[in-house]
Amino acid sequence: MVKSTLLLSLPCVLAAVTLVRGANPSMRGISPEHYDLYAPLLQNGESTWKCLDKSKTIHYSAINDDYCDCPDGSDEPGTSACPNSLFYCENKDHIPAYIKSFAVNDGVCDQSCCDGSDEFNGLTSCPNICKQVSIEFKKYQAELNNIQSVGILAKQKLLDAAEVIAEGWLQEKAVIQQEIDFKYADLDNLKRELEILEKAQIKHTPIEKFDNAKTIKQARKIALLQRHILGLQDDIDVLVSILHDLKNDHNHNYHDMAVKSAISGYDEFIETYEDYKTTIEKDLADIEDSSEDFITDEYEVDEAEADVPENSEDELSSEDVAAKEALESTRKAYDDLNSDISNQEQKLENINEELSKDYGHNREWLTLKDVCVEKNEGEYTYSLCILGTAYQKSNKDSSRTNLGRFEKFAGTVESGAKDRYHEHLHSHGTRCWNGPERSVRAFFECGAETEILEVSEPEKCEYHFRMRSPAVCETPHIPSEDKDVKLAEGEVEERLHLHEEL
Ligand code: MAN
């Protein structure tokens, strides 16, 4: 009767379980919040219990009897009998923790179990040092929070500096883009000039030898004239743009008569200029069309040259020389401008590449790019340049070994990184004798400065750098004791099948 009431009323069960706990080792290794999962079941007058994975019903006294009955290990939370079990340490005065069951009664005082409750079989005596651990832990937390606060300020500086750099790139990009546009317009003009000059040019050929010499001479004159007109037009455009800026940017409150008269002159000029320009362009186009009529292939030099010996400059008239020089200088100007544009376009491409490169969530790594830090580790001094190369330098003979160039941000959940920017992979370093190319995994934690804390070589020629940098600092978290249980709550719940139970 009393037993069935126990089954019906959960609070009573809990109270009863709590009561037996002191005397009953069946509650050892279980968190108080999970006691209800270990309540006995009455079956045919026997106290029984169902494994948490529901796979088996065992006698209640088989819990923590140092023999593993349940496949999920849930019957041995307080012994090391089941390899997949977890042991709960209360750690009063500090933070409760779960440890893996193999550490129970292994003769070692487990750091995570500061109350010593994991060593209860008398083999080892582990004093309760939780008060002391708690003091140390709080000190450590305070230091960590302090580092984080300073780190956050340092990170803000990195972000501000990165913004200035990126802003500079955008401005430079706009300027270069505008310059390229202007230069393409100039290039078009030069191309037209070149075409005209090339058509009119009769290379090294005395024109008097042709019946149509007069016509060709005229054509050359026209071509030269066209070139001068185009040159003048460019000059006018420059002047117009200067006056346009003067009009817009001058100090309106300062009555400078010279400026005022320049502006009114500009206003008058600009009223008719566009029409005037259109007319000139049309006339030039007409001239070009008509010159094409009389500078046809039959007058071109190629055919004529067959009869005419390669001549010297002396045989050329001064006009011929001028035309030749004009052609050469225009050709050079065209080529120079073309390569200038290519350079500018390359610059633009480089800027676009930088703008689209991954420098972190908010380009926090940009300002640190190529910042180099080093750490003397006795036999070697290790160095790493952010997003650059890592080296190992012998402290004996100063010989330097390349440990690899930055390849990528490589943090993953599996590698324990908060995000990919917390881990940098440097690869393709000098090949290890009979082994792989050297490589570095740099793991970053928040710090006021970028520095290497320690270096290890867990596998031959694979180096681990533990590092600090403000770049990975995040807003400091308020320390919450619950969150610091040594094994993640999720893992405990999973192992205790709480998702199904609750
Ligand atoms: C050097 C160093 C070591 C490395 C060995 C491998 O001594 O680079 O770090 O382990 O070469 O031969």
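In what order do the 8 strands of the open sheet run? I looked that up before anything else.

**Ground rules.** I am working with a predicted model, where local features need pLDDT of at least 70, side-chain atom pairs count only at pLDDT 80 or more, and totals for chains, interfaces and linings use all residues. Residues are numbered from 1 along each chain as its sequence is written, and side-chain values use heavy atoms, with hydrogens and water left out.

I read the order as 6-7-8-9-10-11-13-12, with mixed pairing. Strands here are DSSP runs of E, at least two residues long, numbered from the N terminus, and two of them pair if DSSP finds at least two bridges between them. At the edges I found strand 6 (372-376) and strand 12 (451-459), each pairing on one side only. From one strand to the next, the twist averages 25° (axes are lines fitted to C-alpha atoms, and angles run from 0 to 180 degrees between N-to-C directions).

**One pair up close.** I then checked strand 11 (residues 439-446) against strand 13 (residues 462-469): they pair in the parallel sense over 8 bridges. Ser439 stands opposite Glu462 in strand 13.

**Ligand.** Which residues are around the ligand? I noted Tyr380, Gln392, Cys432, Arg438, Glu457, Lys460, Cys461 and Tyr463, where being near takes a heavy atom within 4 Å. For polar contacts (pairs of N or O atoms within 3.5 Å), I listed a polar side-chain atom of Glu457 at 2.6 Å from a ligand oxygen, a side-chain N or O atom of Gln392 at 2.7 Å from a ligand oxygen, and a polar side-chain atom of Tyr380 at 3.1 Å from a ligand oxygen. The protein covers 69% of the 310 Å² of accessible area that the ligand has on its own (Shrake-Rupley method, 1.4 Å probe).

Note on methods:
A polar contact is a pair of N or O atoms within 3.5 Å; within protein, one must be able to donate a hydrogen and the other to accept it, and residues adjacent in sequence count only if both atoms are side-chain atoms. Helices (H or I, at least four residues) and strands (E, at least two) are DSSP runs, numbered from the N terminus.
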